[in-house]
Amino acid sequence: MQTPFDEMNALAAQSQSQVQGGSRQASGPGVRAHYEAYARWLAEQPESLMRERREQAELIFRRVGITFAVYGDKDSGEGTERLIPFDLIPRVIPAAEWTSMQAGLAQRVTALNRFIHDVYHGQEILKAGIVPADEILNNAQFRPEMMGVDVPGGVYSHIAGVDIVRAGHADGSGQYYVLEDNLRVPSGVSYMLENRKMMMRLFPELFVQHRIAPVAHYPDLLLDTLRSVAPPGVSDPTVVVLTPGMYNSAYFEHAFLAQQMGVELVEGQDLFVDGGFVYMRTTRGPRRVDVIYRRLDDDFLDPKVFRADSQLGCAGLVDAYKAGKVTLSNAIGTGIADDKSIYPYVPKMIEFYLGEKPILQNVPTYVCRDKDDLAYTLAHLSELVVKEVHGAGGYGMLVGPAATKAEVEAFRAQLIANPSNYIAQPTLSLSTCPTFVESGIAPRHIDLRPFVLSGDTVRMVPGGLTRVALKAGSLVVNSSQGGGTKDTWVLED
Amino acid sequence: MLSRTADHLFWFSRYIERAENTARMLDIAYQTSLQPQSAEASEQSWRSLVSISELNSLYGTKYPAINGRSVMAFMVADEANASSIYNCLRAARENARAVRGSLTTEVWETMNQTWLEFCKLLREGALTRDPSALFEWVKYRSHLSRGVTVGTMLQDEAFHFLRIGSFLERADNTARLLDVKFYRHEGDTSTDPDAARDFYYWSAVLRSVSGFEIYRKVYSNVIQPDKVAELLILRPDMPRSLSHCVTRMLANLRRVANPQSGETLRRVGRLEAELAFGRIDEILATGLHPFLDGFLAEVGDLGAGISRDFLVPSTSDTP
């Protein structure tokens, strides 16, 4: 196992046992330059103050109702709605790193949008043999309904969340990798915004000491982006946010974004299609809707086209959409580009569509349908993570270093029987960041989800949502499995 | 605004108002129970509370006898009782949460905190420790909710629907209170013509609608049932009277009028005129109970009319 890259302490690897003692150890000779001022400040804060602040944060989150829903529990006021744990120690990114990451994100998302357009039109990339045709045409995420459908500006994924991790090299340096693209309905941006508000409320002095790039204009950029992809000829488009309803786990975010943009938050039952156009039911009669920021999966959008049992969508929506009378954001069928089986081809897409070298790297991935990659994978099974391309949630996966010899051999047989069904990656050592846990300050693994907006231009706010695995040693940052979040600071030069 | 949004706003304010009125009536019943009285009178007083909300049969299936402790548990914390303060506050909060974007942050946070703190108070046993303090607290949170609504909301459609909900619910509650209290009294006076007891009875009714001091100020006279009725039905400046509630409903309805709402508006207008030009001796001559019965039916119709005109999407919208 490699040494995890610690975001704050360059020497953390050597002194990890000491770091767990308490806040004093957070500063020291190994602190990275962009963390220096923060570490100095942190060393001066008594632990009792940090505990107080954490309680304060929890109270405020509850009162504001920044919660996600949990089903099945009895409602005792706090039962069905949980807080996502918020960590007080920020993740800091220096300006230069962000500048390069931002360029890489814009490049990647632009290429992915070009790819989706191509898949549903000329399929040039398949003809060129860069992405195997059967990977697309036999993929459950491919939506034949979208063939030949033109969307405004040729943009499909208007809101993309790109999951980025940093892994340590043996020499102590770290490198960013894209772990996953989320091009359907990525969530979490409200936590990015609320975490920042909370930090400013709890520790205003830190914002005086540091030049931290603001993020609060995200809803403005989002509204601008959504308006820019309205159907042609609509000069003052009506934008709405479509939510599955208040029992959806991300309901807070839907309501929050609608409110921040000053647009209606609608449910499927509020919409209807008449004469080819989409309307919402208001107290003053029907009102036309031009752009729908939908927080609903493709499958539930229109019972006439997708799942017939969906109560969440609106009958006739897809016809209106295909006729160009309403814009769906994100478009239908974007899942074809963020599928695990497609991920390995993204660097080649960037070269194919943009003629550029990728700025952000993929995690090195061996595509087992490829002969050489299969040979390498078979030779290194005990070092690699092997995943089913359409699997999710860790099902059908081999974690080489953790597997017994018998498990490796059993998997080898499956792999040889159906190589196309698998990809393999080296076991990465995710970076860590000091985190305020019960025992004091200790390193915990983190990732980063920046949000990339694509309309008439590509926009984003500096940083993103940092998620942290709160259990020692855990790599799982999902909020459903004990993950928390941190504020993310991009420092200005 | 979205019809569904208007619907949630309307019910949000109705439920808050209902929680407040329930707390008011419980508080008075509790205060009264602290005074010397016969077991029969005490039971009657608690029973009338359950009757006001038309919950006698549900109560009967859950509690063997009528007494203060059980009625308070039933009306405050019982999850099986849709009208309990617990369920009213929960429903108010759920409705607010569904449209939190249409409320100001202050209105939403006030509601959310009310709910969280109420649950905490119940867990800590506030109802058994000091019922009066808990009722005060519910009233106070309703005042706060109303104040923050009036003090921070843009006076647009959302605001008007909130107000319509409040006044409709309050009119309904005051009418029910009058009906039960007068009905009981009418059947009771012959057996007990005790003037002092009368005083406590009617002053409790007045206090439950914050009307005791107002009565003194308006009439400068001893407390007489017909004047109590006049104050709570016809006084346009008494904030919990039927006349006041209907006037405010009409004013707010006018602001949101749409092509469908003509008939509803006409009926609120007619009701308003009846109250504005009505006389208490006429009402009493034809009978208070039939009058209030008619009023409650009319208020029920108005609620249905508002739903039809604004809240529930009309079927002609759907192809």
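## A tour of chains A and B

Begin with domain 1 and domain 2 of chain A, whose centres, taken over C-alpha atoms, are separated by 31 Å. This is a predicted model, in which local features need pLDDT of at least 70 and side-chain atom pairs count only at pLDDT 80 or more, while totals for chains, interfaces and linings use all residues. To follow the selections, note that residues are numbered from 1 along each chain as its sequence is written, and that chains are lettered from A and ligands numbered from 1 in the order in which they are written.

**Chain A as a whole**

To colour the two domains, select residues 99-180 together with 216-354 for domain 1 of chain A, and 364-426 for domain 2 of chain A; such bounds come from an automatic or database domain assignment. Where they touch, 5 residues of domain 1 of chain A are in contact with 6 residues of domain 2 of chain A, contact meaning that the C-beta atoms of two residues, placed from the backbone, lie within 7 Å. On the domain 1 side of this contact in chain A there are 3 nonpolar residues, 1 polar and 1 charged (Ala, Val, Leu, Ile, Met, Phe, Trp, Tyr, Cys and Pro count as nonpolar, Asp, Glu, Lys and Arg as charged, and the others, Gly among them, as polar).

Now display all of chain A as a cartoon, which has 15 helices and 23 strands; helices (H or I, at least four residues) and strands (E, at least two) are DSSP runs, numbered from the N terminus. The C-alpha trace of chain A spans about 70 × 60 × 50 Å along its principal axes. Its radius of gyration of 23 Å agrees with the value near 23 Å of a compact globule with 493 residues, where the radius is taken over C-alpha atoms and the globule rule is 2.2 Å times the number of residues to the power 0.38.

**Strands of chain A**

Select residues 271-274 and 277-282 of chain A, which are strand 8 and strand 9, paired in the antiparallel sense over 4 bridges; two strands pair if DSSP finds at least two bridges between them. Within this pair A:Leu271 has A:Met280 of strand 9 as its bridge partner. The two strands of chain A form a hairpin with 2 residues between them, and A:Gly275 in the turn has a positive phi of about 55 degrees.

Next, move to the open sheet of 4 strands in chain A, which has the order 14-17-15-16 and antiparallel pairing. Strand 14 (366-367) and strand 16 (397-399) of chain A are the edge strands, each of which pairs on one side only. Strand 15 (residues 384-388) of chain A is joined to strand 16 by 3 bridges, and A:Val386 stands opposite A:Leu398 of strand 16.

A last stop in chain A is the peptide bond from A:Ser329 to A:Asn330, which is cis, with omega near 0 degrees. A:Asn330 itself is in the loop between strand 12 (327-329) and helix 12 (335-338) of chain A.

**Chain B and its domains**

Turn to chain B, with its 16 helices and 0 strands. Its C-alpha atoms fill a box of roughly 65 × 50 × 35 Å, taken along the principal axes.

Select residues 1-153 as domain 1 of chain B and 155-312 as domain 2 of chain B; their C-alpha centres lie 20 Å apart. Here 25 residues of domain 1 of chain B are in contact with 25 residues of domain 2 of chain B. On the domain 1 side, helix 1 and helix 2 (39-52) of chain B each supply at least two residues, and the largest share, 16 residues, comes from helix 1 of chain B.

**Where the chains meet**

Finally, select the contact between the chains, which takes 25 residues from chain B and 26 residues from chain A. On the chain B side, helix 1, helix 5 (85-98) and helix 6 (105-123) of chain B give two or more residues, with the largest share, 7 residues, from helix 6 of chain B.
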